[in-house]
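Morning, everyone. Let me put the structure up, and then we go through a few local features.

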Amino acid sequence: MTASMTARRRDPWETTRQRMLGALVEAGSEPVGAEDLSRRLGVSTRSVRSYVSRLNTEHGREVVSSSRDGYAIDLAALAAADDQRPAASRRVLSPGERLASLLRSLLTADVGADVYELAEELRVSDSTLEADLTKCRALLSIHHLTLERRGPSVRICGTESAKRRLVRQIMTDAARSRTQFVSVRELAIESAEPSLLTFREGLTRILSELGLLATETNQHAILAHVAVMVGRLRQGHGLETPDAAAHDDALRREAALRIAALVESAFELLLPAGEVDYLVGLLDENTTPKDLSLLVTARVTADDDVDYVALVRQIVGQVGENYLIDLDNDRFIGFLSVHSRNLVRRAQRGQAAHIPIGQSIKDTHPLIYEVGIFIARRLELALGIEIRADEIGLISFHVGAHFESVYAREQRVRIALISPTYLDLQDSARALLQSAIAGVGEIELVAVDEAELTTDLPGPDLLVSTVPLMGLPQTLDRPVVQLSALPGAEDLERVRGVVLEIAQTKRRARVGSTLVNLIEPQFFLDLTASTAASATSATSREDVLAQMSEALMSAGVVDADFHRGVLEREAMASTSLGSGVAIPHSMIMGAHASSIAIHVPSEPIDWGGDPVSLVAMMAFSKDSREEFGELFESVIRVLSKPRNVELLAAHGGSYEEFISTLLDII
């Protein structure tokens, strides 16, 4: 291992290095057995061997020798090598790295650690260490742990379960800081357990064979728990009492027993019964049976005896009533019931789920995210908890995974395929074509020739033919794409391009006409001058929301509680898209008449940290539920592009210019 690679290693290795060298120096010329070193460091004997190899490579010479009797240090070689060590390998830790290192040292010091030794180990002054200990106390309180101080000795006090949660947070935060998300490789590095990579393969196999589903995030959570459990057990820290799951079941008990056997094989560690109970609870929180029929016919409960299945059924009904979106199927209800129960458990521990950065469903599927916010708010009101942004994103992923189509069937491009049946060419052409247009087009009719196209049915949007056409009825005057008998890649790409163009034209026609009707001249608001609601101009988010709501209410479009609903939605997650536009709205479609109010401020408004140059306040009635989905997604897709927002803001001087520009960019 090179010096540059060592420099990228964080404090866990630096701390381990100091402890290992300390043990060898203390032994003097006597060799230290591998078992003794592994107990002192809380790692396996295999890890000890890798540490020795790393030390020697890092110093560029053999500073630690190995024999049948164990390991011995060459003090002269160590001193000479340390004098020549690059500065990068002795770098000063960042405050965050130093805090993590300090917590690790305290967690492994059973009888307490000396503050002066800690300061020397971390290469900081005594005053800096005292400041770090103050930070430690604040972090420990989150995990219901305390820092006990007796003279120069400090130690962490609390339950083993709480200490494990702290170790897991330190480890996953460190792993995430390098890769933006927690990967198994980074967990293996942080836990100094390379066998975690092999263990993951076995874990995946066990869950699959037993029919337990776990997302990648859930699997990483299980792996992090196991890594911490193994590390703490190696150091002699078992759970105080068996920590059995409150809702044990035979399936997860079997999985836990098989995972315990896998731990013994991969890490050479036999798990006590209490740790197997711990695994049952871990699986209960992070896995879902493939067969969810039992979940939806029984009650999914937590310690507070909430019937989550009944609650989720009620919320799903509200989603259907408010958005005309049908999520009422057993699989989705089972998933969301288990997720809701686990969400409450995380909230009670002050934790939140993590979703990978860069996969923001808010940007890619705004309607699904809006449904996720609606569900999250109903859960908040029913359960008395606060749901964080990452949790809302995770709920939205659940919605998206079980939401087959946002748009109605008739909104897709309808295609008629004309192809001969000779030697199954028709079946082959149909399969290739359907694959190319998946998601945007649908083959509604397959014919041998144009004579089979009748005029008494709704006509297709596009004709695709693999044979020459002799003539079409005038009533079927539609675009035609001519393909070879067995379409190739270029043929299929050409068809998809035409289908996308037709879909965009249809969408523009629908959305454009709807927008013109919803954005009336009276709702093109100028809030820079005095209004009936305020004698001053609106220069803040709060002022804008209040005055735009007042304008809609004064026109009889909404009731007085609309403003409260807008504020409630804004509190869940900012309606700023980050492109210079904000789209405030209520989560309830309770308007008397659907309308969109527009305000183009003379100067950008601070919208929760984002500068906003265009505000579009939406108010929808229940009569507009069928239009809401497509309209909402179309408007957000257009306004999420900064260039489009700039064009609209630049032409915001008059209603006519604004509408004309909006229709051009839809």
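Which residue caps the N-terminal end of helix 16? Asp307 does, with a side-chain oxygen 3.3 Å from the backbone nitrogen of Val309. Keep in mind that this is a predicted model.

Stay with helix 16. The helix runs over residues 308–323, which makes 16 residues. From first C-alpha to last, helix 16 reaches 22 Å, close to the 22 Å expected at 1.5 Å a residue. Its buried residues are Tyr308, Val309, Leu311, Val312, Ile315, Val316, Val319, Asn322 and Tyr323. Why do we say they line one face? Because, looking down the axis of helix 16, the buried residues fall within an arc of 155 degrees. After the helix comes Leu324, with a positive phi near 55 degrees.

Next, helix 26, residues 642–650. Buried here: Asn644, Val645 and Leu648. Down the axis of helix 26, its buried residues fall within an arc of 100 degrees, so again they line one face. Turned away from that buried side, the helix carries the exposed residues Arg643 and Ala650.

Now the aromatics. How many aromatic pairs does the structure hold? There are 3. Take Phe524 and Tyr655. Their ring centres are 6.1 Å apart and their planes are at 75 degrees; over 60 counts as edge-to-face, so that is what this pair is. Phe524 is in strand 12 and Tyr655 in helix 27, so the pair ties together parts 131 residues apart in sequence. Both are buried: Phe524 has a relative accessible area of 18%, and Tyr655 has 17%.

Phe524 also pairs with Phe658. Here the centres are 5.4 Å apart and the planes at 50 degrees, so the pair is tilted. Phe658 lies in helix 27 and Phe524 in strand 12, so this pair ties together parts 134 residues apart in sequence. Phe658 is buried, at 2% relative accessible area. Put together, Phe524, Tyr655 and Phe658 form one aromatic cluster.

Two arginines sit over rings as well. Arg164 lies over the face of Tyr278, 5.4 Å from the ring centre. The charged end of Arg378 sits over the ring of Phe374, at 4.2 Å from its centre.

Last stop, Leu567. Leu567 is in helix 24, residues 562–572. Buried or partly exposed? Partly exposed, at a relative accessible area of 39%.

Technical notes: Residues are numbered from 1 along each chain as its sequence is written. This is a predicted model: local features need pLDDT of at least 70, side-chain atom pairs count only at pLDDT 80 or more; totals for chains, interfaces and linings use all residues. Side-chain values use heavy atoms; hydrogens and water are left out. Helices (H or I, at least four residues) and strands (E, at least two) are DSSP runs, numbered from the N terminus. Buried means under 20% relative accessible area, exposed over 50%, partly exposed in between (1.4 Å probe, protein chains only). The expected span of a helix is 1.5 Å times one less than its number of residues. The arc is that of the directions from the helix axis to the C-beta atoms. A polar contact is a pair of N or O atoms within 3.5 Å; within protein, one must be able to donate a hydrogen and the other to accept it, and residues adjacent in sequence count only if both atoms are side-chain atoms. Rings of Phe, Tyr and Trp (its six-membered ring) pair if their centres lie within 6.5 Å; planes under 30 degrees apart count as stacked, over 60 as edge-to-face and the rest as tilted. A charge sits over a ring if NZ of Lys or CZ of Arg is within 6 Å of the ring centre and within 35 degrees of the ring normal.
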